[in-house]
Amino acid sequence: MPFVPHTEEDVRAMLSAIGVDSIEALFDEIPAELRSKGLTEVPQGESEMAVARLLRERAAEDERGLCFAGAGAYEHHIPAAVWEVATRGEYYSAYTPYQAEASQGTLQLLYEYQTMMASLTAMDVSNASLYDGASALAEAILMAVRANRKAKSKRVLIPRTVHPAYRKVAQTIVRHQGIILEELDYDMAGGHIDPASLPTEPGDFVALVIPQPNFFGVIEEVDSLTDWAHQHKALVIAVVNPVSLALLTPPGEWGEIGADIACGDGQSLGVPLASGGPYFGFMCCRQAYVRQMPGRIIGRTTDLDGKEGFALTLQAREQHIRRSKATSNICTNQGLLVTAATIHMALLGPAGLQRVAESCHANTLQLLAKLKAVPGISKVFKRPGFHEAVLQFDLPVGDVLRALSAQGIVGGVALQEDYPELGNALLICATETKTEADLDSYVDNLQRISTRLQAARCPVEPKMA
Amino acid sequence: MSKVPSELRYTKTHEWVRKNDDGSLTVGVTEHAQELLGDLVFVDVPESGSSFGKGEDCAVVESVKAASDVYSPVSGEVIEANENLTDSPELINQDAFGDGWVFKIKPADESEFDGLMSADEYSAHVAAEAH
């Protein structure tokens, strides 16, 4: 058993040295009712061959399908070179640089990653990544509370156009620290936060969260929102899709002085869809707030001989030095995924990333144009979007999605649960991976399914003689 | 043994306190503390107008390998912070009892100042800590 370093003899020697009979006795302080009962439901072990076969069969049950779902996780083409390079032996290392300065290659890669993210968001600094987009938002909120010394309250305004899962995760993480997340409702016609609807006297608040594009795929009026928040001495936390930044104004240039913190999920930069993860979160900020930033930051420096080298920097923010007062004791980084993202961005380059973004936008516009021909389906929001849109059906969305699934199509994400006011609403997405034939297949299937379901719902009245 | 000016008062957590003519108190970190910390790279000074209780952490001094809190020696309201430290944290290394002062506080209870350690008591405290 190479992974269990202690022999029976070692264990006995250690126990007798501390005068305890058994390992079990070390845990007797924990009340019996709190102890886990063991994994009684787990069956006996199987051979490697049997397990491999079982897992292959299970994996095959996950139909790949033609995917029109987005909602925070997006299907993009990943050049074959990305994971070929990312999984080379030279990149095998701990997920976070523990023996930091001995891992110059890892540090250099993270430094390149930070440079790319800072450039993409037009912010001053980036950290070396976080766990995922939702926890990055939670960390950004905690950071804003620390950074905004002018605010007396711990109120953070968060629009309902922010991803519902992000809002739930943020709430879970910040609620025990006296932070109040106050929701802002959206404009039902535009699907965005209407700057005109913002209160003229909002009272003291720490920060405003601004999603761009928002959860509905709609473009928010980020300049007015940013300036409004800054007028009220609040910070601006941008939650952005990194691919969209190849087309849209980056957070660092929003309004008069730009957003203060930018965060989001990096999955769309070279990480394949995988049943919810692992993905990675990113966070960038203004230089003035860097000491409040959580996570690792890599800096470039010169050694005693004048040679270029890389080092962990501003470590006094981190838990190995600041202990309980660290900027975060729950954050992590995602070394492997960031390695892939850095290679992905390097291969695409700024022009390539822009082509991807343009292609996503064009495909979504084309899909929406084709859907106009289908009766009973309408686009809900008037405002322009990036690569997602909300459709409204005159049929239950669950039935439509089941019927599409039977045809091998992942039709989108139903919004009923989080946005009941939108009725039979479906969030759809068409990235650059979709061909015109794919779009036609989606539209044709929707047309057929819609007609059939309508017919089933309104049976033709028998004509009376 | 580092310098411990006799006209100042001290805390166990290595702050020094000077009583000003207007009744306000100037607070800094001692020569001994800055020697322990080494070269300072950043000082996070308190916001003017903010209030702190006695013993509450109100500033942070950060050196290349460590960061330490500065605790308010008395309760009161900060009336001024040494903004020069933002660009020149080394002022604390160069002149801990002078240009390296951290903030001025208006005490809520004047008797708290009298309860602080004298130079002799602080020197004894430092000597005891060394053992």
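This passage walks through a predicted model with chains A and B, beginning with the overall build of chain A.

Chain A has 465 residues, and buried ones make up 42% of them. Chain A splits into three parts: domain 1 takes in 8–47, domain 2 runs over 80–344, and domain 3 covers 350–457. The centres of domain 1 and domain 2 of chain A, taken over C-alpha atoms, sit 41 Å apart. As for contacts in chain A with a separation of 6 or more, 76% of them join residues 24 or more positions apart.

One helix to pick out is α5 of chain A, residues 133–147. Of its 15 residues, 14 are buried, so α5(A) is largely enclosed by the rest of the structure. Its length checks out too: at 1.5 Å a residue, α5(A) should span 21 Å, and the C-alpha atoms at its ends are 20 Å apart, which agrees.

Next come the sheets. In chain A, four strands make an open, antiparallel sheet, in the order β11-β12-β15-β14. Its edges are β11 (377–379) and β14 (413–414), each of which pairs on one side only. Two bridges link β14(A) to β15(A) (residues 425–429) in the antiparallel sense, and A414(A) has L426(A) in β15(A) as its bridge partner. Helix α9 of chain A, residues 335–371, lies across β11, β12 and β15 of that chain. Relative to β12(A) (388–393), α9(A) runs at about 15 degrees.

Chain B has an open sheet as well, this one built from six antiparallel strands in the order β1-β2-β3-β9-β8-β5. Here β1 (9–10) and β5 (51–52) stand at the edges with a single partner strand each, so one side of each has no neighbour in the sheet. β1(B) runs antiparallel to β2(B) (residues 15–19), and two bridges join them. Within this pairing, R9(B) has V17(B) of β2(B) as its bridge partner.

Finally, there is the place where the chains meet. Five residues from chain A and five residues from chain B take part in the contact. On the chain B side, three of these are nonpolar and two are charged, with no polar residues.

Note on methods: Residues are numbered from 1 along each chain as its sequence is written. Chains are lettered from A and ligands numbered from 1 in the order in which they are written. This is a predicted model: local features need pLDDT of at least 70, side-chain atom pairs count only at pLDDT 80 or more; totals for chains, interfaces and linings use all residues. Domain bounds come from an automatic or database domain assignment. Two residues are in contact if their C-beta atoms, placed from the backbone, lie within 7 Å. Ala, Val, Leu, Ile, Met, Phe, Trp, Tyr, Cys and Pro count as nonpolar, Asp, Glu, Lys and Arg as charged, and the others, Gly among them, as polar. Two strands pair if DSSP finds at least two bridges between them. Axes are lines fitted to C-alpha atoms, for helices over the stretch in contact, and angles run from 0 to 180 degrees between N-to-C directions. The expected span of a helix is 1.5 Å times one less than its number of residues. A residue is buried if 20 or more other C-beta atoms lie within 10 Å of its own, exposed if 12 or fewer, and partly exposed in between; C-beta atoms are placed from the backbone.
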